[in-house]
Number of protein chains: 2
Amino acid sequence: MRAPTLDLTLLRTLVAIADTGSVTAAAKRLAYTQSTVSMQLQRLEAQLSLTLHEREGRRIRFTSEGERLLNHARRLLALNDEAWSDMQARQVTGDLTLGIPEDYASLLPSVFAYFHQLYPAVGLKVICGTSAHLVEQVKAKALDLALVTRQRNSPGGDVIRREPLLWAVGMHQQPLLSDPLPLALYSPGADVFREVAEQALQAAGRSWRVAYTSQSMAGLAPIVTAGLAIVVVTRSMLTPALRPLDESSGLPALPMIELALHRAPHRPSEPARRLGELIREQLAAPDQG
Amino acid sequence: MRAPTLDLTLLRTLVAIADTGSVTAAAKRLAYTQSTVSMQLQRLEAQLSLTLHEREGRRIRFTSEGERLLNHARRLLALNDEAWSDMQARQVTGDLTLGIPEDYASLLPSVFAYFHQLYPAVGLKVICGTSAHLVEQVKAKALDLALVTRQRNSPGGDVIRREPLLWAVGMHQQPLLSDPLPLALYSPGADVFREVAEQALQAAGRSWRVAYTSQSMAGLAPIVTAGLAIVVVTRSMLTPALRPLDESSGLPALPMIELALHRAPHRPSEPARRLGELIREQLAAPDQG
DNA sequence: CGTTTTGATCAAGAATGGTGATATATGCGT
DNA sequence: ACGCATATATCACCATTCTTGATCAAAACG
């Protein structure tokens, strides 16, 4: 007496029939013939010695046993698919270099951790640089992927996420709304942040001066928290030391910027595809209003 | 490209190999030949294009992929087995009569609910009576099962559970320890409770009188809660209106009684077997100290 | 009504899975 | 070191199972 074991293939067929509502459609979806699906359904019923379906005219109706088995089947298949893709993921090997602007680093550690869990055999290297520079390196195939602020003049890549730009000032400082406005600028979007800010101010009839510049937010932090200038940041770059300014500050609204993922021009390696998908999934959700 | 589906049969042998630590032992357990199990393992590896095991000498070692798949396999098989037995349970049909002493009814409603969930197609009838009477009816095949207090003179049945007997008195009453002790007796154990109580009192050199009798605890409740007599109950029969008396009351300790399940003498019907097993499982745990 | 679509059934061929026999390797005792 | 006992891998063969294309019946549709 051997242990009773369900055939997941048959359960998948059952689910397909339920989803599509017809044997023929299920066959099409599963790339079987109609007769195969018909017989699979019978086989399943025979194995369980149960009646799973009835017909009223042409339409199929599942018995209560059928419905019940469908529940089991869906759970079982979900687990199967998860197991399968997990096992396959462990086979993905190779090396992979991703470029990001230094100031986006805070966005990604959880993604890296998850990626390493899924693909432990992939050697992932991350390098930092300005968006413009990274895009060049991707084109030169020095990088597999780069997650950058989308440049006006290099519109390639897929938009992963839109983020609002904000004016921000040191947490305990009053906004410095003097004229000209003292700006601190840095590089994550290379010139994008600067262009955007200057356009907005110009349109609002404000004058400004670039009081400080730096390669990264880290370099500007002391100046900004000291209240000597205001910066432009994305929402995800806000730290406890920064306070965003809303419309009541009188500063012009800023447009959204786009995070774009650039892929090397040749056919992407499997690891690169996977990481790309993961980044898209993980970063897609928030802030696209 | 068809949806990738694991073969649960192969996963089961994988688990068997892991459990037993050897291909041959796994084959024995699963009633396959050794060669079959060996090939099944290879087939599994081939389907996943993965190496799941290595050998060090004779001993088998699973690779990290193998271990990982084992986790998936165990979960998948657990779900499979649950699904299978659930589906099979729905096929169990028939009628079934269970006898219980009225005062055990409180013990069983959750069991009945669970039973009905598992075996919705079984018509379950419950009848009440004294333990002695129920045992007779089982012998006469008028009942399929009876859960009774085990009688000294009818020792059949399987012991499901042992329960301590307790002296109890109305919640707000002082114990009536007058001499002779006024007892209220009723029938769940037919004469068992009475015999046991009287023996204990006699051994302790106490005198007593049977102040009240009734067919069920319900009939005695007013008298006991009024403080006119003390009763003997099992722990599971305690209600908020009853207060158990411990050794400090000076009453002699009472022995345990046994709950026994009697089955009709002919081969039990499938529903009867199932309910019997369920009762055993559900009632087995507590109070056997 | 005739037409079309859908599902069931059947026979046949292909593919898969299990078995026994056999070869090979490992561990163990003398 | 040698041989024996036990475990595993491999192979060819056979039985069973699975899929398919063809065919038929029944239902929907106009």
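1. Overall form of chain A. In this predicted model, chain A is built from nine helices and 11 strands. Its radius of gyration is 28 Å, well over the 19 Å that the globule rule gives for 289 residues, so chain A is more spread out than a compact globule. The C-alpha trace of chain A spans about 85 × 40 × 35 Å along its principal axes, and buried residues make up 32% of the 289 residues in the chain.

2. Contacts along chain A. If one takes the contacts in chain A with a separation of 6 or more, 75% of them are accounted for by residues 24 or more positions apart.

3. Strand β6 and its partners. A reader who wishes to follow the strands of chain A may begin with β6(A), which covers residues 158–170 and pairs in the antiparallel sense, over six bridges, with β11(A), residues 256–263. In that pairing Val159(A) stands opposite Ala260(A). The strand β6(A) also pairs in the antiparallel sense with β9(A), residues 230–234, over four bridges, and here Val231(A) is the bridge partner of Ala168(A). A further antiparallel pairing, again described by four bridges, joins β6(A) to β10(A), residues 242–245, where Leu242(A) stands opposite Gly170(A).

4. The largest nonpolar core. This core has 40 residues, and those with the most contacts inside it are Leu14(A) and Leu14(B). The elements that give two or more residues to the core come from both chains, namely α1, α2, α3 and α4 of chain A together with α1, α2, α3 and α4 of chain B. As general background, nonpolar side chains tend to be buried together in soluble globular proteins. Leaving aside its neighbours within four places in sequence, Leu14(A) is in contact with Leu41(A), Leu44(A), Leu69(A), Leu70(A) and Ala73(A).

5. The contact between the chains. Chain A and chain B each bring 27 residues to the contact. On the side of chain A that touches chain B, α1 and α4 of chain A each supply at least two residues, and α4(A) gives the most, with 12 residues. The residues of this side of chain A divide into 14 nonpolar, six polar and seven charged.

6. The surface near DNA strand C. Around DNA strand C there are 18 residues, of which the closest are Ser22(A), Thr24(A), Ser35(A), Ser35(B) and Gly57(B). The elements that give two or more residues to this surface are α2 and α3 of chain A together with α3 of chain B. By residue class, the surface near DNA strand C divides into four nonpolar, 11 polar and three charged residues.

7. The surface near DNA strand D. The residues of the surface near DNA strand D divide into five nonpolar, 11 polar and four charged.

8. Thr24(A), one of the residues closest to DNA strand C. Thr24(A) lies in helix α2 of chain A. Is this residue buried, exposed or partly exposed? Thr24(A) is partly exposed, because the number of other C-beta atoms within 10 Å is 13, and a residue counts as exposed with 12 or fewer and as buried with 20 or more. The C-alpha atoms of Thr24(A) and Thr36(A), which are 12 residues apart along the chain, are separated by 9.8 Å.

9. Two residues with a positive phi. Lys141(A), although not a glycine, has a positive phi of about 65 degrees; its place is in the loop between α6 and β5 of chain A. Lys141(A) is exposed, with 10 other C-beta atoms within 10 Å. In chain B, Ala31(B) has a positive phi of about 60 degrees although it is not a glycine, and its place is in the loop between α2 and α3 of that chain. Ala31(B) is exposed, since 10 other C-beta atoms lie within 10 Å.

Definitions and conventions: Residues numbered from 1 in each chain as written. Chains lettered and ligands numbered in written order. Predicted model: local features only at pLDDT ≥ 70, side-chain atom pairs only at ≥ 80, totals over all residues. Near = placed C-beta within 6 Å. Nonpolar A, V, L, I, M, F, W, Y, C, P; charged D, E, K, R; others polar. Pairing = 2+ DSSP bridges. Core = buried A, V, L, I, M, F, W, Y, C linked by C-beta atoms within 7 Å. Contact = placed C-beta atoms within 7 Å. Rg over C-alpha atoms; globule rule 2.2 N^0.38 Å.
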